[in-house]
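Please prepare a briefing on the fold of the structure shown below.

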Amino acid sequence: MRKDLIINWLEKNGQTLTDTQLCHMEIYQNMVLSAPMNLTAIKDDEGFAIKHFIDSLTLLPWIDALTNNAKVIDIGTGAGFPGVPLKIARPNLDITLLDSLQKRVLFLRKALDELGYADVETVHARVEDYVKNVGEMYDIAVARAVARLEKLADYALPLVKPGGLFLAMKGPNIEEEIKNAKPVLHKLGGEIINISAVEISQEMFHTIIAIQKK
């Protein structure tokens, strides 16, 4: 794992991780890459550090602003990003990882237990079915490029408490998606309160769209 890239990015952004936390990230990377199923197209250490770990950690300022006992859900977590790096960085975080593919959820459960994060909830379900059972119970919902913004908002906002946030992690070009999502946001009581371009590597930017549920 390219710990140097992660450490440099953290220092640049006023964040730190312990040696143990960095070790857990390295172990998790090895678990993902050695899994019997293909969990990611990114296989090289540099790409993994930048596009998985650092990209996930860009949410830390929003996570750190949470009140005590706040609940977070990672929708369509896939190989566990951004949810697992956030849990490693903030062990006290109350987080749920949701994915529609059972094999991925079984992998996540085993990996988290081995790392000592047994308190993370892993859920095998389609998000549109899950919301019918739980409703508005999360302070923050996060999703990383699993669908276009209008679809993501339709999935995420029904899970968020009034006053809570939906954080959509997108690429650099999001103007058209935002325009197309406005009717859905209006219908579900969502308001865009912040759009941040975050640098995950030299000249490589991703976007975090923060949507508050009114």
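In which sense, left-handed or right-handed, does α2 pass α6 in their crossing? The crossing of α2 and α6 is right-handed; a crossing is called left-handed if the near helix is turned anticlockwise from the far one by less than a right angle, and right-handed if clockwise. The model is predicted, so that local features need pLDDT of at least 70 and side-chain atom pairs count only at pLDDT 80 or more, while totals for chains, interfaces and linings use all residues. Residues are numbered from 1 along each chain as its sequence is written, and side-chain values use heavy atoms, with hydrogens and water left out. Helices (H or I, at least four residues) and strands (E, at least two) are DSSP runs, numbered from the N terminus.

**The sheet**

- Seven strands form an open sheet in the order β3-β2-β1-β4-β5-β7-β6, and their pairing is mixed; two strands pair if DSSP finds at least two bridges between them.
- Strands of a sheet pair through backbone hydrogen bonds, either parallel or antiparallel.
- The edge strands, each pairing on one side only, are β3 (121-124) and β6 (190-201).
- From one strand to the next, the twist averages 20°; angles run from 0 to 180 degrees between N-to-C directions, and axes are lines fitted to C-alpha atoms, for helices over the stretch in contact.

**Strand pairs**

- Strand β2 (residues 94-99) runs parallel to β3, and four bridges join them.
- Threonine 96 has glutamate 121 in β3 as its bridge partner.
- A right-handed β-α-β unit is made by β2, helix α6 (residues 102-115) and β3; a crossover is right-handed if, with the strands pointing away from the viewer, the path from the first strand over the helix to the second runs clockwise.
- Strand β5 (residues 160-170) pairs with strand β7 (residues 204-213) in the antiparallel sense over six bridges, and lysine 170 stands opposite threonine 207 in β7.
- β6 and β7 also pair in the antiparallel sense, over ten bridges, with asparagine 194 opposite alanine 210 in β7.

**Helices on the sheet**

- Helix α3 (residues 45-57) packs on the sheet and touches β4 (138-144), β5, β6 and β7, its direction making about 135° with that of β6; contact means heavy atoms within 4.5 Å.
- Helix α9 lies across β5, β6 and β7 and runs at about 140° to β6.

**Helix pairs**

- Two packed helices are described by the angle between their axes and the distance between the axes.
- Helix α2 (residues 19-34) packs with α6 at an angle of about 150°, and their axes are 11 Å apart.
- The helices α2 and α6 are therefore roughly antiparallel to each other; angles under 35 degrees count as roughly parallel, over 145 as roughly antiparallel, 65 to 115 as roughly perpendicular and the rest as oblique.
- His24, Ile27, Tyr28, Met31 and Val32 of α2 meet Phe107, Leu108, Ala111, Glu114 and Leu115 of α6 in this contact.
- By class, the contact of α2 with α6 has eight nonpolar, one polar and one charged residues; Ala, Val, Leu, Ile, Met, Phe, Trp, Tyr, Cys and Pro count as nonpolar, Asp, Glu, Lys and Arg as charged, and the others, Gly among them, as polar.
- With α3, α2 packs at an angle of about 115°, the axes being 12 Å apart, and the crossing of α2 and α3 is right-handed.
- Met25, Gln29, Val32 and Leu33 of α2 and Asp45, Phe48, Phe53 and Leu57 of α3 make that contact, which has six nonpolar, one polar and one charged residues.
- Helix α8 (residues 149-156) and helix α9 (residues 175-188) pack at an angle of about 25°, with axes 7 Å apart, which makes α8 roughly parallel to α9.
- The crossing of α8 and α9 is right-handed, and their contact has seven nonpolar, one polar and four charged residues.

**Backbone details**

- The peptide bond from phenylalanine 81 to proline 82 is cis, with omega near 10°, and proline 82 lies in the loop between β1 (71-75) and α5 (83-89).
- Glutamate 203 is not a glycine, yet its phi is positive, about 65°.
- Glutamate 203 belongs to the hairpin of β6 and β7, which has two residues between the strands.
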